[in-house]
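Some notes on this model follow, point by point. Please read them with the structure open.

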Amino acid sequence: MLRVWGKIYKKGRIKTSVTVSDGHTDWSFKNRFYGLMEEIVRQLDLAMPIWLDNNKEDLRRFGYARFTQDNFIEPIGFDYLECQIIEVDKDDDETQMDP
């Protein structure tokens, strides 16, 4: 199982959050994570953020990615969206993530 916690931060506090998970163990880690990201932004009523190199590196190294205004085309009313991996199958290798 892969679980991701999406959090919207404003002024250093979590304003809203959502946790999503999937059971598609036959899918690649990348496809599973993208699917969960789509669900997070859908539930939070946001556009899909643009992945920059620093987001990819943060996800690989720390297990989370932060998306600021630089990642969105439209203006956002918060400081950043953070998507954090909170559970991953031991068979998955999250270092294979390359959005």
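1. Pairing of β1 and β4. This is a predicted model. Strand β1, residues 2-10, pairs with strand β4, residues 80-87. The sense is antiparallel, and the pairing runs over seven bridges. K7 stands opposite E82 in β4. V4 has I85 of β4 as its bridge partner.

2. Pairing of β1 and β2. These two strands are also antiparallel, with nine bridges between them. W5 has its bridge partner in β2, namely T19. The β1-β2 hairpin leaves two residues between the strands. In this hairpin, K11 adopts a positive phi near 55°.

3. The sheet as a whole. Four strands make an open sheet, ordered β2-β1-β4-β3, with antiparallel pairing. β2 (13-22) and β3 (64-67) are the edge strands, and each pairs on one side only. From one strand to the next, the twist averages 20°.

4. Helix on the sheet. Which strands does helix α2 lie across? Helix α2, residues 53-62, lies across β3 and β4. The helix runs at about 150° to β3.

5. Surface patch. I50, L52 and I73 form a nonpolar patch on the surface. Together they have about 300 Å² of accessible area. L52 belongs to the loop between α1 (29-43) and α2. Is L52 buried, partly exposed or exposed? Its relative accessibility is 34%, so L52 counts as partly exposed. The cut-offs are under 20% for buried and over 50% for exposed.

How values were computed: Residues numbered from 1 in each chain as written. Predicted model: local features only at pLDDT ≥ 70, side-chain atom pairs only at ≥ 80, totals over all residues. Heavy atoms only, no water. Pairing = 2+ DSSP bridges. Axes fitted to C-alpha atoms, helices over the stretch in contact; angles between N-to-C directions. Contact = heavy atoms within 4.5 Å. Patch = residues over 30% accessible without salt bridge, like charges linked within 9 Å, V, L, I, M, F, W, Y side chains within 5 Å. Areas by Shrake-Rupley, 256 points an atom, 1.4 Å probe, with all protein chains shown as cover. Salt bridge = Lys/Arg side-chain N within 4 Å of Asp/Glu carboxyl O. Buried < 20%, exposed > 50% of the residue type's maximum accessible area, 1.4 Å probe, protein only.
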